[in-house]
Amino acid sequence: ISAHHNKIMAASCSDQDSQEHTVSLQDVIEEDEALHEAACAVLGASDDAHCTYSKGHLQRQALYSCSTCQQGSEGRQAGVCLACSLHCHDGHTLHELYTKRNFRCDCGNGKFPSDFKCTLIPEKAPENVDNKYNHNFLGCYCVCDRPYPDTEDEEEDEMLQCVVCEDWFHSRHLGGRAVPLEYEEMVCNACMHSHSFLRAYDMSQSSVAQASVVEG
């Protein structure tokens, strides 16, 4: 009887373990949705096969700048879409800019050497006048104006993006304040000064990081 009882208990435990490790269809759907949201956050409306130029200024897309094409053209900042980075700038030295808002692909326009054309959409306007640029397009970030990753920087640090100007900052350069463990958005000091209405929000109750006072 004892041996039979032990077998029943073992079978019962096995069933419980099986139930504990069961994955429901809802679990799969929720995981897929989370992965889709993460992909959208990283790539936005990017397309790896077609240049996004014809779609105009996209709400958000992954962008790259090409230092190979920009050699000898100081100050001439330009951004290319994901597809152009793969098809037109293969083998070039690229700076990953992550995602930017309201930007139209520059690949092959007047910001590039005259003998360079976009292989996906060769005919483009000489300039996208509504595009916004910053030092990220030159491969530099933060108030320290350094590249990322920085081979000369031996200190490991987290990079945080300002939701307004979309520049990236080292956490140690955020005005000396500790970054909260949980926050949703960060606004840099320059943007706080440029958009004074932001100071009207109660930062203590907001999901905007208090450590968003960048000194520089």
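Me: Is C51 buried or exposed?
Reply: C51 is buried, as its relative accessible area is 6%. Before we go on, please keep in mind that this is a predicted model.

Me: Thanks. And how many disulfides does the structure hold?
Reply: The number of disulfides is zero. For C51, the nearest cysteine sulfur belongs to C84 and is 3.7 Å away.

Me: Ok, let me zoom out. Which elements does the protein have, and in what order?
Reply: The protein has five helices and five strands. Starting at the N terminus, the order is α-α-β-α-β-α-β-β-β-α.

Me: How many bridges join β1 to β2?
Reply: Two bridges do that, and β1 (residues 58-66) runs antiparallel to β2. In one of the pairings, Y64 has V80 in β2 as its bridge partner.

Me: Some whole-protein numbers, please. What share of the residues is buried?
Reply: Of the 216 residues in the protein, 34% are buried. The accessible surface comes to about 13500 Å², and carbon and sulfur atoms account for 51% of that.

Me: Switching to aromatics. How many aromatic pairs are there?
Reply: The count is five aromatic pairs. One of them is F103 with Y133: the ring centres are 5.5 Å apart and the planes stand at 85°, so the pair is edge-to-face.

Me: Where do F103 and Y133 lie along the chain?
Reply: F103 is in strand β3, residues 94-103, while Y133 is in the loop between β3 and β4, so their pair ties together parts that are 30 residues apart in sequence. F103 is buried, with a relative accessible area of 1%, whereas Y133 is partly exposed at 24%.

Me: What other ring does F103 pair with?
Reply: F103 also forms a stacked aromatic pair with F137, at 5.6 Å centre to centre and 20° between the planes. F137 is in the loop between β3 and β4, and the two residues are 34 residues apart, so this pair links distant parts of the chain too. Both F103 and F137 are buried.

Me: So which residues end up in that cluster?
Reply: The ring pairs link F103, Y133 and F137 into a cluster.

Me: Nice. Which charged end sits over the ring of Y133?
Reply: That is the charged end of K111, 4.6 Å from the ring centre.

Me: New topic, then. Where is E166, and is it buried or exposed?
Reply: E166 is in the loop between β4 and β5, and at 6% relative accessibility E166 counts as buried.

Me: What is E166 in contact with?
Reply: Setting aside its neighbours within four places in sequence, E166 is in contact with R60, T99, K100, R101, N136 and Q161.

Me: One more residue: where does F116 sit?
Reply: F116 is in the loop between β3 and β4. With a relative accessible area of 15%, F116 is buried.

Me: And its contacts? Which residues does F116 touch?
Reply: Again leaving aside neighbours within four places in sequence, the contacts of F116 are C69, C88, H89, H92, C107 and G108. F116 and C69 are 47 residues apart in sequence, and their C-alpha atoms are 8.5 Å apart in space.

Terms used:
Residues are numbered from 1 along each chain as its sequence is written. This is a predicted model: local features need pLDDT of at least 70, side-chain atom pairs count only at pLDDT 80 or more; totals for chains, interfaces and linings use all residues. Side-chain values use heavy atoms; hydrogens and water are left out. A disulfide is a pair of cysteine sulfur atoms within 2.5 Å. Buried means under 20% relative accessible area, exposed over 50%, partly exposed in between (1.4 Å probe, protein chains only). Helices (H or I, at least four residues) and strands (E, at least two) are DSSP runs, numbered from the N terminus. Accessible areas come from the Shrake-Rupley method with a 1.4 Å probe; for residues, only the protein chains shown count as cover. Rings of Phe, Tyr and Trp (its six-membered ring) pair if their centres lie within 6.5 Å; planes under 30 degrees apart count as stacked, over 60 as edge-to-face and the rest as tilted. A charge sits over a ring if NZ of Lys or CZ of Arg is within 6 Å of the ring centre and within 35 degrees of the ring normal. Two strands pair if DSSP finds at least two bridges between them. Contact means heavy atoms within 4.5 Å.
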